[in-house]
Structure formats: C-alpha cells, structure tokens
Amino acid sequence: MVEDLVRIGRDNDGGYVVSRRTIAAATVVLGLGVNDDWSFERDCTVLNPAIRVVAVDGSVSASLFRLHALKAAARAVFAALRLRVGDSAHALRRMVRWLRTARDFRRFFDGRTRIFHERFFATSEGPAQITWATLKPLLTRDRPGEGPHVFVKMDIEGAEYRTLQALLPDASLITGMAIEFHDCDLLWERFAELMNALSRDFVVVHVHGNNCVPLIPGTRCPGAIEISLANRSMVPAQATPRDVRYPLAGLDMPNLVGHPDYPLVFTDA
C-alpha cells in the first residue's frame, strides 16, 4: 500500500482518500461533478496552493442555489402563517444554508485560477455538454505534453461508464483519479472492463464502499464504489497493495452518517 494516503474533501460524503503525491504533482484538478460541494477541489488548493481548478457540472449554478433559498423562504413564510413554528425555523435554516452556498460558490470559482463550466461532461459537444477533447487544452496549458500533471475527480452519477474511456488515451497526462462508480449491481461487466483498462496505466491505491446504497444481493460488495488511482509512473512497484482491509481508521468515513462503513477485504489469495 502507498504510504502517503490523505483524505481530501469534507467529512463523510464528498471526501476521498487519495495519494498525496498525485495532488502535489498536479498543476490542475478537474472536478467532474460538484453538486453543492466543492470541498475536494478546495482542499486540493490547500494541499497544493499552485494548483488550478476546472470544475464541470451542468446541474448547478449560483442562481440555482439562490432559487433554492427563495423557495425555502417561501416555505418558511407559509409555515409561519399556519403557526408551524418548527417547520418555519427549519425552512429558514435551509434558506440561510442555500444563500451561504451561493455566496461561497461565487467566491471560490473566481473565473481565473478556479473555473466552473455549467455543462455536463459527455461524449459529444453541445450547448449543455462539454467533452474531454474540449477540456484537454484548458488542462494542459501549463505543461503541454510534459508528463502527468492533471488530477481527475469524477462523480457524475453513472455517466462515468460512457465518458471515462475518452480519458484513457491521455493517461500519461493524469497523475491520479478519484472515481465514484455507480450502479455496480446493474453494470458490473462494464465496471470490470473499465477497471481492466485503467489498470494498464494506473494503480488502485484506495477503495471505499458508499454505504448510501445497499450491497449487491448475494455479495459483500456495495452498489456504489469509490476508487482512487495513481499513475503507475508515480508509484513504486513494491507499493502495489497486497492484503488490504477497508475502511482505514483515521482516513475513511461512512458516506451516510450514523451507519457503519462496509468492510472490504482484498487479498492475493
């Protein structure tokens, strides 16, 4: 096992355990899927202050967060008029949360070193879609063609099965990845194919089961799996995991608070 594992991102859902060197060596982190949580991208800038951020997500924006706040405010007023004090207070807290999220979004994604694209990562280009071919020049402008220097975080709710293949020809540019694979119960064969393809250029350095979804029936494998990889050129051969048991104390956290992590065991046997 690599000895430089570090947790990046917030506690519980949204954080990933990765190899520190894959962040330290990167000039840019590509965040594919941020929803309302860019703590991973933010922590990357703390660990490596020189790193740039390029984030992609067509499902969120500052204006959408403000709309959520407006709807929460309306619910608060409606509940107050019906003398439902508890519901009104809860809605007001949600309003404040969404307003803070909108403000933090605008402040973090400054449009200079931290850029946000309100588009979906896809296999074809369009008004609401962006491809790896379009993103690649933005990611490699600092060191075009000069070894691995791009870290990829991917949490795109199942679209990883359609889009991940496009990155593989440029594996030499990528220091590492943190990928959440969804619907493993339905798409296990495709998941296995992608992992085999990734293994040519990357080493798995960490695995975590998402306890927000149930185990695949008849197995001890969860339906959603978070996998962190490092470029083989950055990992000594002797660091390849042998017998490993997850979760790792002090690093792993259950995605769903209040429920235990799924135990995962990997051996050479």
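Colleague: Which element gives the largest share of the lining of the largest cavity?

Modeller: Rolling a probe the size of a water molecule over the atoms shows where empty space is left. Here, in this predicted model, strand β11 gives the largest share of that lining, with 3 residues.

Colleague: How many cavities of 30 Å³ or more does a search of the whole structure find?

Modeller: The search finds 1 such cavity. About 70 Å³ of space lies in the largest cavity. Its lining is made by 13 residues, and R7, G15, Y16, H208 and E226 are the closest to its centre. Two or more lining residues come from each of β2 (16-19), β10 (202-209) and β11 (225-231).

Colleague: How do the residues of that lining divide into nonpolar, polar and charged?

Modeller: There are 4 nonpolar, 6 polar and 3 charged residues in the lining.

Colleague: On to helices. Which residues of helix α5 are buried?

Modeller: Buried means under 20% relative accessible area. In α5, residues 132-139, the buried residues are W132, L135 and L139. Seen down the helix axis, they fall within an arc of 65°, so they line one face of α5.

Colleague: What do the buried residues of α5 pack against?

Modeller: They pack against six strands by name: β3 (28-32), β4 (52-56), β5 (114-117), β6 (120-121), β7 (129-130) and β8 (150-154).

Colleague: Take β3 from that list. How many of its residues are buried?

Modeller: For β3, 5 of its 5 residues are buried, and the strand is mostly covered. Look at each side in turn. V28, L30 and L32 point one way from β3. V29 and G31 point the other way.

Colleague: Do β3 and β4 run parallel or antiparallel, and how many bridges join them?

Modeller: They run parallel, joined by 5 bridges. Two places show the pairing. L32 has V56 in β4 as its bridge partner. V29 stands opposite V53 in β4.

Colleague: Why is β4 described as largely enclosed by the rest of the structure?

Modeller: Count its buried residues. In β4, 5 of the 5 residues are buried, so the strand is largely enclosed by the rest of the structure. Both faces are covered. R52, V54 and V56 are buried on one side, and V53 and A55 on the other.

Colleague: Now single residues. Is L164 buried or exposed?

Modeller: L164 is buried, with a relative accessible area of 0%. Find L164 in the loop between α6 (160-163) and β9 (174-181).

Colleague: Which residues is L164 in contact with, leaving aside its neighbours within four places in sequence?

Modeller: L164 is in contact with M154, M177, I179, F181, L194 and L198. For distance, take V152. L164 and V152 are 12 residues apart along the chain, and their C-alpha atoms are separated by 11 Å.

Colleague: What is the relative accessible area of L99?

Modeller: The value for L99 is 42%, and the residue is partly exposed. L99 has its place in helix α4, residues 85-108.

Colleague: How far apart are L99 and A69 in sequence and in space?

Modeller: Read both distances together. L99 and A69 are 30 residues apart in sequence. In space, C-alpha to C-alpha, L99 and A69 are 5.9 Å apart.

Terms used: Residues numbered from 1 in each chain as written. Predicted model: local features only at pLDDT ≥ 70, side-chain atom pairs only at ≥ 80, totals over all residues. Heavy atoms only, no water. 1 Å grid on protein atoms, 1.4 Å probe; cavity = no way out; pocket = protein on both sides within 12 Å on 5 of 7 lines; lining within 4 Å. Points joined across faces, edges and corners; volume = space filled by probe spheres on them. Helix = DSSP H or I, 4+ residues; strand = E, 2+ residues; numbered from the N terminus. Nonpolar A, V, L, I, M, F, W, Y, C, P; charged D, E, K, R; others polar. Buried < 20%, exposed > 50% of the residue type's maximum accessible area, 1.4 Å probe, protein only. Arc of directions from axis to C-beta. Contact = heavy atoms within 4.5 Å. Pairing = 2+ DSSP bridges.
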